[in-house]
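Here are my notes on the model you sent. Please read them with the structure open.

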Amino acid sequence: MWLLLLALACDSADSGDSPVQDTDSGPSGGDSGETGDTSDSGDSADTADTADSGDTGEPTPVIVDEPVDVVIVGAGVAGLAAAIEAFEAGATVRVLEREAFAGGAANYAGGLMVFSGTPEQAAAGIVDSPELLAADWPEITGGNPADPWFLYFAEQNVLRVHDWLSAMGMSFTGPMADTPRGSADRIHVPKGGGPGLVATLVAAAPADVITFGATAQSLEVEDGRVAGVRWSDGTDDHYQAADAVIIATGGFLHDLARVEALFPELPVDQLVYGSSPAADGAGLDMLTGLGASTQNMQAIGFYAHATLSPEGEHQELVAGAFGVYPWVGVEGVRFVDEWDFRGFQVGRTRAMLPGGDVWLFADNALEGDDFFPPADESVIFGVDELVASGIVVKSDTLDGLAGDLGLDPATVTAQMAAWNAGGDALEPPRADDADDARGVVEPPFYAVPVVISVAKAFGGVDVDLQGRVLTEDGAVIPGVYAAGELTGMLGGSIVGDYGFTGSLTAVALGGRVAGENAAAEALLR
Ligand SMILES: Cc1cc2nc3c(=O)[nH]c(=O)nc-3n(C[C@H](O)[C@H](O)[C@H](O)COP(=O)(O)OP(=O)(O)OC[C@H]3O[C@@H](n4cnc5c(N)ncnc54)[C@H](O)[C@@H]3O)c2cc1C
């Protein structure tokens with residue numbers, strides 16, 4: 001049953017010992033304390049008339065939706081995993097999703113997932129275990145293997161994600177090596193990649209619980225407890241009461257101003273979007289607005305695999321050239337093992353390099369390379385177009401190129417001579433990659449800016465091991481849970497300065513944890 005009410009201003013109720021204050025307006029009269037049937041996921045704007053307050057100064061009408069046990073904001077991998085888990089625990093569930101589709105960032109993802117100890121590894125003769133993963137963890141991620149959330153991840157990644165997805169019919173290819181390589185190959189790719197993973201979760205999710213085009217705007221607090229979500233369908237405002245609320249709205253990295261605030265020294269003109277457009281930090285703001293604490297926010301997964309695109313500011317182009325040619329940074333000197341360009345450690349090293357500019361040096365062989373946006377390999381740019389648009393610098397001589405970039409020609413020439421001779425001062429070319437190395441020999445010469453792709457948030461809202469949101473002093477904010485990239489993939493603290501490739505495993509695991517605990521709490525109320 002849908003109720004149409006006017007939102008009335010009301011005084012804050014005494015919140016007692018609760019760490020959160022009541023919001024100062026609420027959909028009073030809503031029957032938010034009781035659970036009801038799974039909500040109708042149809043277009044609620046069609047089911048109730050709403051008065052247009054226009055310029056009359058009248059209060060804005062709010063449609064009060066049928067209460068549910070658990071409402072989840074965001075239908076990405078975390079939100080879908082939470083919905084499946086909560087529903088299977090017996091809760092009535094509703095998912096509010098801003099977009100017209102489910103899956104969030106995973107729709108753009110290759111879908112690489114980390115598992116340690118799978119049948120696929122065993123079949124390939126690879127020995128792996130939680131202990132081996134823990135031993136590798138500091139090198140792979142900079143993380144602390146004693147972190148409680150990491151220990152949970154190490155113990156449960158196969159059982160609660162790999163085997164869970166397998167039981168839904170998902171199959172995996174791999175295992176493949178991660179970057180950097182740990183003691184075991186752990187990257188598994190779900191069939192169909194990120195979109196395949198999404199399709200599997202959507203098929204397993206309870207029918208008709210996702211409301212699309214539903215933008216959560218704020219959380220409602222009653223008696224010191226998060227009691228529901230105010231949301232908009234673009235026309236009307238709604239209030240969805242629930243006994244437990246899960247926020248799974250993804251990361252914050254598409255808002256580059258937030259990245260700048262964390263790293264004021266980063267060269268802003270060199271930052272490109274490596275995250276999903278949905279990652280605007282909306283859920284982060286909702287929770288910090290209630291006093292939620294954050295942790296590890298500087299643990300951002302930066303990649304160095306792209307250059308600027310003529311298609312627009314902060315857009316990226318990738319090319320096979322990365323990792324094939326030498327890169328020079330401050331004063332024209334190489335600074336990293338280019339072959340690891342797909343990994344977060346190289347991305348972070350590039351991002352933190354003083355001076356900002358990093359150039360890939362190439363010769364005329366670059367003219368055979370394609371540059372394309374990662375999401376659409378059919379949109380191809382040649383190096384000539386990038387020269388014409390002022391992104392790539394071209395010269396007939398190495399000295400001239402160095403001079404155009406403001407670098408010392410003698411230094412650059414010496415660096416290129418060492419590269420061409422196969423001598424790698426940083427790390428010798430690896431046997432399996434060495435054949436791909438290209439010399440910088442034949443004019444004309446090119447310098448391609450190697451920019452910073454801001455890809456994954458490994459810090460976020462602090463949650464306890466049940467997924468409950470915590471304040472700065474460690475108190476639980478009653479009634480609200482968080483999961484997914486909003487929590488830095490899992491728990492906000494499992495990695496150090498940089499991240500790890502197969503974080504979708506952690507996102508799915510965190511969604512399950514929040515879903516089961518939110519349902520258990522809701523069903524007890
Ligand atoms: C190009 C790319 C490639 C990647 N490749 C990999 C990979 O190979 N392996 C890997 O592990 N990870 C990869 N990732 C990262 C991974 O996809 C994400 O970390 C993960 O999908 C995040 O899941 P999530 O559910 O936490 O958030 P999201 O997927 O961001 O989902 C959040 C959802 O919440 C919705 N939402 C946001 N705000 C609101 C609101 N106010 N109201 C209602 N709904 C809202 C969004 O529309 C979205 O659907 C990649 C990411 C990108 C962008």
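Where does arginine 350 lie? The first point takes that up. Keep in mind throughout that this is a predicted model.

1. **Arginine 350.** This residue lies in helix H8, which spans residues 344-351. Arginine 350 has a relative accessible area of 0%. Buried means under 20%, so arginine 350 counts as buried. Its C-alpha atom is separated by 7.4 Å from that of isoleucine 452. Along the chain, arginine 350 and isoleucine 452 are 102 residues apart.

2. **The ligand shell.** How many residues surround the ligand? There are 39. Glu97, Ala105, Glu485, Ser503 and Leu504 are the closest. By class, the shell holds 18 nonpolar, 16 polar and five charged residues. Four elements each supply at least two shell residues: helix H1 (77-88), strand E6 (93-97), strand E11 (215-222) and helix H12 (504-524).

3. At leucine 504, a polar backbone atom is 2.6 Å from an oxygen atom of the ligand. At arginine 98, a backbone N or O atom lies 3.1 Å from a ligand nitrogen atom. At alanine 106, a polar backbone atom is 3.5 Å from a ligand oxygen atom. How much of the ligand does the protein bury? Taken alone, the ligand exposes 1,000 Å², and the protein buries 93% of that.

4. **The largest nonpolar core.** This core has 106 residues. Val70, Phe153, Leu219, Leu287 and Phe500 touch the most other members. H12 gives the largest share, 10 residues. Why does the core lie between domain 1 and domain 2? Both domains give residues to it, so it lies between them. Domain 1 is made of 105-205, 250-298 and 458-524, while domain 2 is 300-454. Note that H12 also supplies at least two residues of the ligand shell.

5. **The loop between E26 and H12.** Strand E26 covers 476-482, and leucine 490 sits in the loop between E26 and H12. Tyrosine 498 lies in the loop between E26 and H12 too. Leucine 490 is at 1% relative accessibility and counts as buried. Tyrosine 498 is buried as well, with a relative accessible area of 17%. The cut-off for buried is under 20%. Leucine 490 is 31 residues from glycine 459 in sequence and 8.7 Å from it in space, C-alpha to C-alpha. Tyrosine 498 and alanine 299 are 199 residues apart in sequence, yet 5.4 Å apart in space, C-alpha to C-alpha.

6. **Alanine 203.** Is alanine 203 buried or exposed? It is exposed, with a relative accessible area of 67%. The cut-off for exposed is over 50%. Alanine 203 is in helix H5, residues 193-204. Between alanine 203 and isoleucine 84, the C-alpha to C-alpha distance is 10.0 Å. In sequence, alanine 203 and isoleucine 84 are 119 residues apart.

7. **Cis peptide bonds.** Two bonds deserve a look. The bond from glycine 174 to proline 175 is cis, with omega near 5°. Proline 175 is in strand E8, residues 172-176. The bond from proline 443 to proline 444 is also cis, with omega near 0°. Proline 444 lies in the loop between helix H11 (409-420) and strand E22 (445-449).

8. **Positive phi.** Which value does phi take at asparagine 296? It is positive, about 60°, although the residue is not a glycine. Asparagine 296 lies in the loop between strand E15 (294-295) and strand E16 (300-308). Its relative accessible area is 29%, so asparagine 296 is partly exposed. Histidine 314 also has a positive phi, near 65°, and is a residue other than glycine. Histidine 314 lies in the loop between E16 and strand E17 (316-319). With a relative accessible area of 15%, histidine 314 is buried.

Notes. Residues numbered from 1 in each chain as written. Predicted model: local features only at pLDDT ≥ 70, side-chain atom pairs only at ≥ 80, totals over all residues. Heavy atoms only, no water. Near = heavy atom within 4 Å. Polar contact = N/O pair within 3.5 Å; in protein donor to acceptor, adjacent residues only side chain to side chain. Areas by Shrake-Rupley, 256 points an atom, 1.4 Å probe, with all protein chains shown as cover. Nonpolar A, V, L, I, M, F, W, Y, C, P; charged D, E, K, R; others polar. Core = buried A, V, L, I, M, F, W, Y, C linked by side-chain atoms within 4.5 Å. Buried < 20%, exposed > 50% of the residue type's maximum accessible area, 1.4 Å probe, protein only. Domains from an automatic or database assignment.
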